[in-house]
Amino acid sequence: MLKQMIGDESKSRRLMSLLKKRGFLQPAFEAYGGVAGLYDYGPLGGRLRRKVMQKWLDHWISLGNIVEIDSPTITPEEVLKASGHIGAFNDYASECNSCNSIFRSDHLLEGFHPNPDSLEGDSLDKELGVHKITCPTCKKIDWLPAKPLNLMFSTTIGPSNIGRKAYMRPETAQGMFLQFPSIYRHFRKKLPFGAVQMGKGYRNEISPRQGMIRLREFNMAELEYFIDPLMKIEHDLGQWDSFKLKLIPDPEGNNSEEVLLTVSDAVEMGIIRHQTVGWFMIKTFELMAELGINSELIRFRQHEGDEMAHYATDCWDLEIFGGYGWIECVGIAYRGCYDLEAHQKSSNSNELKAWREFEEHITVEKNICSPIQSKIGPIFKDKCKIITDYLELLEEIPKEFPLKILNDGIEYIIEEDMVEIKEMKITQRGEWFTPHVIEPAFGIDRIIWHILEHSHKEIPKKDDENYTLLGLKTDVAPVDFTVYPLFEKDGMEILSKKLVEKIMSMKGINANYDGSKSIGRRYARGDEVGVPFAITVDHQSLEDNTITLRERDTQTQKRMSIEDLLEFVSEYK
RNA sequence: GCGGAUAUGGUGAAGUGGUUAUCACCUGAGGUUUCCAACCUCAUGUCGUGGGUUCGAUUCCCGCUAUCCGCACCA
């Protein structure tokens with residue numbers, strides 16, 4: 001029922017017209033014909049976006065161990081090679097010369113090659129020939145050479161002939177991984193902690209469709225939560241036992257049915273494999289509801305093995321139902337140590353680790369055989385290092401001297417007086433390890449779209465027309481109050497403008513003045529863009545300093561003094 | 001990228017090989033109006049883009065761009 005209402009396609013179209021008409025959203029660069037996959041947020045949309053992002057930020061920052069960082073969108077190629085995006089976002093496509101159909105080359109080879117994803121252009125062409133793969137559309141074998149489908153926007157840092165190859169980031173996460181050392185110091189080297197980043201991400205989609213759902217440039221908000229995999233973190237999941245989440249575990253596995261479970265049960269049963277993942281799922285669910293997403297229309301879908309992105313070991317998508325069906329709007333992934341380790345290897349940095357102090361320090365007593373530099377120096381000269389390295393690696397003290405070492409075909413003889421047997425006490429207080437990461441990644445534009453869809457109400461009126469209303473939550477509504485003089489005369493307009501000024505001077509609160517056309521129409525105008533409260537100044541206001549406050553959702557009005565109103569406004573939210 | 005459909009004020013639509021392109025809503029100004037899209041007068045604003053055919057193209061043809069639907073692709 002609800003799904004039918006929300007899923008109505010023509011309703012989505014009417015919403016899009018409304019959003020364009022009233023300055024929420026519109027295709028970008030329309031004067032130049034527009035560009036698919038690029039959208040503008042207008043005067044109201046811009047503020048809506050800002051408020052959604054602020055709410056998102058507040059939600060996570062308030063946890064206390066989360067900080068916000070920011071990093072560039074232009075990203076050197078090496079970073080994305082290390083992260084695995086070059087490869088994962090660089091698939092090959094083969095075109096059929098006969099009917100011009102295009103397919104992912106590796107998908108064509110599915111079942112004919114153990115790991116078609118790993119193949120490059122030439123070998124893909126060879127394999128297509130060897131296995132006599134026919135075109136799924138026209139059944140012919142006439143493939144053009146496979147071409148890389150690069151889904152990242154490429155650019156050059158510096159003049160293009162000598163510059164460094166770079167891409168516009170496809171996600172914000174890498175910036176946070178590379179800032180790990182600084183965040184680690186900020187938190188005084190104590191896990192767990194997290195960092196968030198909000199910003200633009202870019203994917204050069206082959207064919208963006210579905211309006212705001214698949215964009216080429218989009219607003220992302222990601223959180224990287226760094227944990228010690230050996231440290232037991234206890235979250236109080238029981239506090240959410242009154243909510244049941246709609247889960248679709250392991251769609252390919254045995255339990256692909258939708259199940260309703262509390263978070264704590266799902267974690268207990270092992271359906272959600274990690275407690276912290278479960279905790280982020282419920283925190284995310286909570287945030288979505290606060291933003292105005294209908295919680296009946298939210299579900300979590302677990303990634304099946306081969307769908308999982310190249311880094312994830314457990315991944316849940318939060319999907320929201322709207323006019324386009326179930327759409328993934330948040331991905332919550334347990335990324336293990338993949339990213340930090342990949343950057344360690346590729347950059348040779350040893351700062352992407354954390355220190356784990358042992359509960360009990362381990363002391364090992366050991367005898368070592370240490371070279372006496374003043375003796376071996378004059379004898380071995382520049383070959384000294386070979387001797388030192390060898391002795392350092394010795395597990396036990398040699399039983400006999402002289403000791404013969406063979407290196408590079410040359411024999412070195414170490415006499416007993418060249419070394420000193422030392423007794424060492426080595427205390428191991430802890431160890432270095434690579435933290436694991438849990439990443440909730442949000443597609444802000446998709447969320448905004450669904451906030452708008454879920455709040456878009458069309459109420460049948462007595463006559464033919466519908467009454468259109470955006471039931472936006474006060475937290476995200478672009479305009480908080482509109483002040484209406486009942487008529488623009490007798491001083492009502494002056495008092496109204498004064499009120500607007502007063503309200504606007506309060507921090508973070510936005511008020512509009514609207515004095516044209518009949519009062520009913522003005523209420524309708526406000527309702528249409530989701531203004532939660534209307535303040536009306538009438539003749540009585542001029543006499544006794546009272547106004548009426550009208551609530552958008554109930555259309556009920558209350559008369560109150562301006563003093564009480566201003567107090568209400570100041571406590572608003 | 002392929003196939004199909006579409007592109008007319010801010011929105012939604014009508015229409016035409018020929019003088020000044022139509023309507024509703026919206027928007028603005030004035031009037032009227034004592035609380036839920038009322039009314040009156042006036043005003044602003046449109047044929048996606050490039051080319052072709054033609055004396056003349058918003059209309060016919062072709063390319064491009066965009067949108068929608070299917071295929072493919074994709075977080």
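In which loop is the place of Lys-189? Select the loop between α9 and β10 to find Lys-189. The model is predicted: local features need pLDDT of at least 70, side-chain atom pairs count only at pLDDT 80 or more, and totals for chains, interfaces and linings use all residues. Residues are numbered from 1 along each chain as its sequence is written, chains are lettered from A and ligands numbered from 1 in the order in which they are written, and side-chain values use heavy atoms, with hydrogens and water left out.

**Whole chain**

Chain A has 19 helices and 28 strands (DSSP runs numbered from the N terminus: helices are H or I with at least four residues, strands E with at least two). Of its 573 residues, 48% are buried (buried is under 20% relative accessible area, exposed over 50%, partly exposed in between, with a 1.4 Å probe and protein chains only). Among contacts (heavy atoms within 4.5 Å) between residues at least 6 apart in sequence, 66% join residues at least 24 apart.

**The loop between α9 and β10**

Stay on the loop between α9 (180-186) and β10 (193-202), which also holds Pro-192. Arg-188 lies in this loop and has a positive phi of about 55° although it is not a glycine. Arg-188 counts as exposed because its relative accessibility is 66%. Phi of Lys-189 is positive too, near 60°. Then select Leu-191 and Pro-192: a cis peptide bond joins them, with omega about 0°.

**Glu-319**

Move to strand β15 (residues 314-322), where Glu-319 sits. Glu-319 has 6% relative accessibility and therefore counts as buried. Show its side chain with those of two arginines. Polar contacts (N or O atoms within 3.5 Å, one able to donate a hydrogen and the other to accept it; residues adjacent in sequence count only if both atoms are side-chain atoms) join the side chain of Glu-319 to Arg-299 at 2.7 Å and to Arg-301 at 3.0 Å. Leaving out residues up to four places away in sequence, Glu-319 also touches others, among them Leu-297, Ile-298, Trp-326 and Glu-328.

**The cavity lining**

Finally, select Thr-482, Tyr-484, Tyr-523, Gly-526, Asp-527, Val-531, Pro-532, Phe-533, Ala-534, Arg-550 and Arg-552, which line the largest cavity (on a 1 Å grid over the protein atoms alone, a set of points where a 1.4 Å probe fits but cannot get out; lining residues have an atom within 4 Å of a point). Two or more of the lining residues come from each of β24 (481-485), α17 (519-528) and β26 (533-537). The most come from α17, which gives three.

Definitions and conventions. 1 Å grid on protein atoms, 1.4 Å probe; cavity = no way out; pocket = protein on both sides within 12 Å on 5 of 7 lines; lining within 4 Å.
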